[in-house]
Amino acid sequence: MATKPTLDGLDRKILSILRRDGRRSFADLARDLDISIATVKRRVDRLEAGGVVQGYAAVLDTTKLGLGFEAIVEVYCAEKTTPRDVLATISGLDEVISAVTVSGEPDAVLRVQVADVPHLERVIEDLRRRPSIVRTRTMLVLSVLVDRPAALGA
């Protein structure tokens, strides 16, 4: 069983900056935090080695890619459908940008990005044709208020 890494205030500051801008150089981080570059490198290396930082990614403006609509899709599955089955069912659907299993009535909730409403309709029809999905319920996202890759606990 993996142990939970111990993070101090400096680790949390580094993570907060990297979450906003993962391309920041060690020199920039050191200058902003008033510490040495070697300290920043050692801390970031430890955070990466401990699995706290798992990678760096480009943040895309989906509207400029023609994916201006987002929807939340509740998925209701057939009896005895496992999370692995749900994952297999949605694999290959590039429009699904996030998927979670949940407690409550739906079995899973998907976050979907599409070009327009007809595109969303095609994705929903595709989902409904899959044998493990019994039904779906879709909500169109009006505005995204917060969208973070991860929360930094206290």
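Trainee: How do H2 and H3 lie to each other?
Mentor: In this predicted model, H2 and H3 are roughly perpendicular to each other (65 to 115 degrees). Their axes (lines fitted to C-alpha atoms over the stretch in contact, with angles from 0 to 180 degrees between N-to-C directions) cross at roughly 110° and come within 8 Å.

Trainee: Which residues are those helices?
Mentor: H2 covers residues 26–33 and H3 covers residues 37–49; helices are DSSP runs of H or I, at least four residues.

Trainee: And is that crossing left-handed or right-handed?
Mentor: Right-handed for H2 and H3, with the near helix turned clockwise from the far one by less than a right angle.

Trainee: Which residues make the contact?
Mentor: Phe26, Ala27, Leu29 and Ala30 come from H2, while H3 brings Ile37, Val40, Lys41 and Val44. Contact means heavy atoms within 4.5 Å.

Trainee: OK, what about H1 and H3?
Mentor: H1, residues 9–20, packs against H3 at about 80°, with the axes 11 Å apart. That angle is why H1 and H3 also count as roughly perpendicular.

Trainee: Who meets whom there?
Mentor: From H1, Leu10, Asp11, Ile14, Leu15 and Leu18 meet Thr39, Arg43, Val44, Arg46 and Leu47 of H3.

Trainee: Switching topic, what sits over the ring of Tyr76?
Mentor: The charged end of Arg135, 3.8 Å from the ring centre (the rule: NZ of Lys or CZ of Arg within 6 Å of the centre and within 35 degrees of the ring normal).

Methods: Residues numbered from 1 in each chain as written. Predicted model: local features only at pLDDT ≥ 70, side-chain atom pairs only at ≥ 80, totals over all residues. Heavy atoms only, no water. Helix = DSSP H or I, 4+ residues; strand = E, 2+ residues; numbered from the N terminus. Parallel < 35°, antiparallel > 145°, perpendicular 65-115°, else oblique.
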